[in-house]
Amino acid sequence: MKIAVRKRRAPSIIIVSLVDILTILLIFFVVSTTFKKDQPEVQINLPESKTAANAAAEFEHAVVSVSVDDEIRLDGQVVSAEELELLVKNLPPSRKSALALQADKKA
């Protein structure tokens with residue numbers, strides 16, 4: 001008894017249709033990402049206040065700086081620790097309430 005052996009055909013992939021689909025997908029993603037940039041992600045309508053007062057400007061506060069070699073400065077002028085206490089006490093109330101400290105990491 002003779003058994004017939006069939007030859008297996010090598011699988012073939014049709015590349016033309018894959019190229020068409022990939023081209024369409026590429027065009028879709030390019031077009032959809034360009035439209036997304038024009039629209040804000042979240043739209044927020046903030047309430048407006050009629051009674052709010054303007055905050056003090058940033059330059060109105062006093063700045064105390066301490067450098068690495070323990071040099072103390074008040075608004076850029078070198079002062080000693082004793083002078084600093086007197087100068088801070090003599091500041092106007094608006095500047096005294098907004099006193100900022102800039103210190104070096106190693107000070």
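Modeller: A quick definition to start: two strands pair if DSSP finds at least two bridges between them. Keep in mind, too, that this is a predicted model.

Biologist: Thanks! With that in hand, how many bridges join strand 1 to strand 2, and which way do the two run?

Modeller: Strand 1 covers residues 63-66, and strand 2 covers residues 72-74. Pairing needs at least two bridges. Strand 1 and strand 2 are joined by three bridges, and their direction is antiparallel.

Biologist: Which residue in the hairpin of strand 1 and strand 2 takes a positive phi?

Modeller: Happy to point that out. The hairpin has five residues between its strands. One of its residues has a positive phi near 55°, and that residue is Asp70.

Biologist: Which strand runs parallel to strand 1?

Modeller: Here we turn to another pairing of strand 1. Four bridges link strand 1 with residues 100-103. The parallel partner made up of those residues is strand 4.

Biologist: Let's look at Ser65, then. Which residues does Ser65 stand opposite in strand 2 and in strand 4?

Modeller: Ser65 belongs to strand 1, which is joined by bridges to strand 2 and to strand 4. Both facing residues are also among the contacts of Ser65, which include Glu71 and Ile72 as well. In strand 2 the residue opposite Ser65 is Arg73, and in strand 4 it is Gln102.

Biologist: Is Ser65 buried or exposed?

Modeller: The cut-off decides this one, since buried means under 20% relative accessible area. Ser65 has a relative accessible area of 19%, so Ser65 is buried.

Biologist: And Arg73: which residue forms a salt bridge with Arg73?

Modeller: In general, side chains of opposite charge can pair when their charged atoms come close. For Arg73, the closest N and O atoms of the pair are 3.4 Å apart, and the cut-off for a salt bridge is 4 Å.

Conventions
Residues are numbered from 1 along each chain as its sequence is written. This is a predicted model: local features need pLDDT of at least 70, side-chain atom pairs count only at pLDDT 80 or more; totals for chains, interfaces and linings use all residues. Side-chain values use heavy atoms; hydrogens and water are left out. Buried means under 20% relative accessible area, exposed over 50%, partly exposed in between (1.4 Å probe, protein chains only). Contact means heavy atoms within 4.5 Å. A salt bridge is a side-chain nitrogen of Lys or Arg within 4 Å of a carboxyl oxygen of Asp or Glu. Lists of a residue's contacts leave out its neighbours within four places in sequence.
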